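Work through the exercises below with the sequence and the structure at hand. Try each task before reading its solution.

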Amino acid sequence: MGCASSKQFKRGAAAGHEDPAILAKETTFSVSEVEVLYELFKKISHSIFKDGLIHKEEFQLALFRNSNKKNLFADRIFDLFDLKRNGVIDFGEFVRSLDIFHPETPLADKIAFAFRLYDLRGTGFIEREELYEMVVAILNESDLLLSDDAVEQIVDQTFKQADLNSDGKIDPDEWKAFARKNPGLLKNMTLPYLKDITMAFPNFVMNSGVGDEEL
């Protein structure tokens, strides 16, 4: 598997992808794990446009099996993965962003990423309206429907616990303290299978569904 992956990666690298050794050095992933992630990236990035970059529609398709489903949570994840802010995700961005979800990534990094996820306007604070929108989006993504009153109660309780200086917004330090007291908040920030993706997908490279002619 490693040989096939390395060979295919070198072909992809020639098209502009970063060296797996560099990505492994900058992240928690090993070189072999980066190579397996390339197979996953390749499959997603060829699902609609076949240009070796992940567009938002392809990202949506990978998450929901539906490229037209609109969800604020998925939009925010895509925006945070799109480090260069150019509307697509390249392989380097894909690996570096997935690293946040690795089980061995420091908790502080996960907390900071989650803060940025909820800070919809990029103001450096989480405001009530932003939290409300994200709670609704996350519930919808989980196919859970709650009344407006129930969502308001969730937001009220969150601000009661997190907004320590009662200024109507949550700053990064308040968020950090709140997240450490409520670890369940970060449950979605860890994907257990990333700890050893080569074992989680032992046949992934051979059965990725992407033929050589698509590279």
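The exercises that follow concern a predicted model, and each task comes with a worked solution.

**Exercise 1. Packing of H4 and H5**

Task: Find how the axes of helix H4 (residues 56-64) and helix H5 (residues 72-81) are placed, and decide which word describes their orientation.

Solution. 
Step 1. Two packed helices are described by the angle between their axes and the distance between the axes.
Step 2. The axes of H4 and H5 come within 10 Å and cross at roughly 125°.
Step 3. An angle over 145 degrees would count as roughly antiparallel, and 65 to 115 as roughly perpendicular. H4 and H5 are therefore oblique to each other.
Step 4. The crossing of H4 with H5 is right-handed.
Step 5. On the H4 side, the contact is made by Lys-56, Phe-59, Gln-60, Leu-63 and Phe-64. H5 contributes Ala-74, Asp-75, Ile-77, Phe-78, Asp-79 and Phe-81.
Step 6. Sorted by class, the residues of this contact between H4 and H5 are 7 nonpolar, 1 polar and 3 charged.

**Exercise 2. Salt bridges elsewhere**

Task: How many salt bridges does a search of the whole structure find? Describe the one between Glu-18 and Arg-96, and the one between Lys-84 and Asp-90.

Solution. 
Step 1. The search of the whole structure gives 11 salt bridges.
Step 2. In the pair of Glu-18 and Arg-96, the closest N and O atoms are 2.8 Å apart. Glu-18 lies in the loop between helix H1 (2-13) and helix H2 (20-26), while Arg-96 lies in helix H6 (residues 91-98). The pair links distant parts of the chain, 78 residues apart.
Step 3. Glu-18 is partly exposed at 27% relative accessibility, and Arg-96 is partly exposed at 26%.
Step 4. In the pair of Lys-84 and Asp-90, the closest N and O atoms are 2.6 Å apart. Lys-84 is exposed, with a relative accessible area of 54%, whereas Asp-90 is buried, at 16%.

**Exercise 3. Ser-97**

Task: Decide whether Ser-97 is buried or exposed, and list what Ser-97 touches beyond four places away in sequence.

Solution. 
Step 1. Ser-97 is part of helix H6.
Step 2. Its relative accessibility is 4%, so Ser-97 counts as buried.
Step 3. Leaving out residues up to four places away in sequence, Ser-97 touches Leu-80, Phe-81 and Leu-83.

**Exercise 4. Packing of H7 and H10**

Task: Repeat the analysis of a helix pair for helix H7 (residues 107-118) and helix H10 (residues 172-181).

Solution. 
Step 1. The axes of H7 and H10 are 10 Å apart, and the packing angle is about 120°.
Step 2. H7 and H10 are therefore oblique to each other, and their crossing is right-handed.
Step 3. From H7, the residues Leu-107, Ala-108, Ile-111, Ala-114, Phe-115 and Tyr-118 meet Pro-172, Trp-175, Lys-176, Ala-179 and Arg-180 of H10.
Step 4. This contact of H7 with H10 has 9 nonpolar residues, no polar ones and 2 charged ones.

**Exercise 5. Positive phi**

Task: What is the phi of Arg-85, and what is the phi of Ser-166? Where does each residue lie?

Solution. 
Step 1. Most residues other than glycine have a negative phi.
Step 2. Arg-85 is not a glycine, yet has a positive phi of about 55°. Arg-85 is in the loop between H5 and H6 and is exposed at 55% relative accessibility.
Step 3. Ser-166 has a positive phi near 50°. Ser-166 sits in the loop between helix H9 (148-162) and strand E2 (169-170), and at 62% relative accessibility counts as exposed.

Technical notes
Residues numbered from 1 in each chain as written. Predicted model: local features only at pLDDT ≥ 70, side-chain atom pairs only at ≥ 80, totals over all residues. Heavy atoms only, no water. Axes fitted to C-alpha atoms, helices over the stretch in contact; angles between N-to-C directions. Helix = DSSP H or I, 4+ residues; strand = E, 2+ residues; numbered from the N terminus. Parallel < 35°, antiparallel > 145°, perpendicular 65-115°, else oblique. Left-handed = near helix turned anticlockwise from the far one by under 90°. Contact = heavy atoms within 4.5 Å. Nonpolar A, V, L, I, M, F, W, Y, C, P; charged D, E, K, R; others polar. Salt bridge = Lys/Arg side-chain N within 4 Å of Asp/Glu carboxyl O. Buried < 20%, exposed > 50% of the residue type's maximum accessible area, 1.4 Å probe, protein only.
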